[in-house]
Amino acid sequence: MDKSVFLKHKNGVGYIILNRPKANSYEINFMKQLITVLDKAESDNDIKAIVLKSALKKFFCAGADIKVFEANSVADNKILVEHAQKAAYKLANGKKVTLAAINGHALGGGLELAMACDLRLGSDSSYLLGLPEIKLGLIPGNGGSQRLIRLINKTRAMELLLTGDTFGAQEAYRLGLFSHLYKVDDFEEKVTAYAEKLSNGPSGAMMAIKQCVNKGLELPLSQGLELEDKLVGQLYETEDAQEGLKAFLQKREPKFK
């Protein structure tokens, strides 16, 4: 079995690298590898932040391999979708901050993986993004419809889902899908610096932020406030909180554990 997903670790950041030419189109083995690598990164205490990126120049991920999908039985395709859903769930709900570094086409299931990450960083170049499943008589199956309406304006999300139209990096940034849009020449450098900055943060507090934001979206305000109060209460006596207060009073950068 060819290796299509790799994990590299540097300065507290785990880089999950997709490398299945020509377009990082995935099938079942690709998804199994991605899930295994996500679990490895999640369990490595030296990794504080995770970056999902592509080794290919033109593609981040083009989604499911349509030739494989068409040749599969319905049962096989359901298993593939279940694995893709599991990978997206792990990106969204793991304890560590996840970033998608996008500098190539991100379509269908590829964009769904990116949207499952906590943040998306884009390269300002001429690739396309979109959820074209409607053109196949389908709808997104890995959380695309639900995550898109939570990330951008509902009306625009509805239009993109109903038409399957693609859009560019500038539009993704304007819509708020991208947190930052970097110039092509320094994209890798900017992504690395951003990820390492996050990796130096207080892991417990960042995990709490993920819980507050992700769960809070599903809760009435009163319950969201209760969740926030519960989580901040658990942080007061941690070493990181004590270090943060000391560093503030001593006017220095904190050194979180």
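Q: Starting with R150, what is its relative accessible area, and what does that make it?
A: R150 has a relative accessible area of 39%, so it is partly exposed; buried here means under 20% relative accessible area, exposed means over 50%, and partly exposed is in between, with a 1.4 Å probe and protein chains only as cover. This is a predicted model, in which local features need pLDDT of at least 70 and side-chain atom pairs count only at pLDDT 80 or more, whereas totals for chains, interfaces and linings use all residues. Residues are numbered from 1 along each chain as its sequence is written, and side-chain values use heavy atoms, with hydrogens and water left out.

Q: Which side chain does R150 meet in a salt bridge?
A: The partner is E218, at 3.2 Å from N to O, where a salt bridge is a side-chain nitrogen of Lys or Arg within 4 Å of a carboxyl oxygen of Asp or Glu. The pair links distant parts of the chain, 68 residues apart, with R150 in helix α5 (residues 144-151) and E218 in the loop between α9 (203-216) and α10 (221-235). Helices (H or I, at least four residues) and strands (E, at least two) are DSSP runs, numbered from the N terminus.

Q: How many salt bridges are there in the whole structure?
A: A search of the whole structure gives eleven. Among them is the one between K257 and E239, at 2.8 Å from N to O, which links K257 in the segment after α11 to E239 in helix α11, 18 residues away, and both of these residues are exposed.

Q: And what about R252, which residue does it bridge to?
A: R252 forms a salt bridge with E243, with the closest N and O atoms 2.7 Å apart. R252 counts as partly exposed because its relative accessibility is 32%, whereas E243 has a relative accessible area of 16% and is therefore buried.

Q: How does β3 pair with the strands β2 and β5?
A: Strand β3 (residues 49-54) pairs in the parallel sense with β2 (residues 13-18) over six bridges, and Y15 has V51 as its bridge partner in β3, while L18 has S54. Strand β3 also pairs in the parallel sense with β5 (residues 97-102), over four bridges; L52 stands opposite A100 and I50 stands opposite T98.

Q: Which residues cover the two faces of β3?
A: A49, V51 and K53 on one side and I50, L52 and S54 on the other are all buried. In β5 the corresponding sets are V97, L99 and A101 on one side and T98, A100 and I102 on the other, and these too are all buried.

Q: Where does β5 go on to pair, and over how many bridges?
A: Strand β5 pairs with β7 (residues 119-123) in the parallel sense over four bridges, and the bridge partner of A101 in β7 is L121.

Q: What hand does the β2, α1, β3 unit have?
A: These three elements make a right-handed β-α-β unit, which is to say that, with the strands pointing away from the viewer, the path from the first strand over the helix to the second runs clockwise.

Q: Why is helix α4 described as largely enclosed?
A: Eight of the eight residues of α4 (residues 109-116) are buried, so the helix is largely enclosed by the rest of the structure; these buried residues include L111, E112 and M115.

Technical notes: Pairing = 2+ DSSP bridges.
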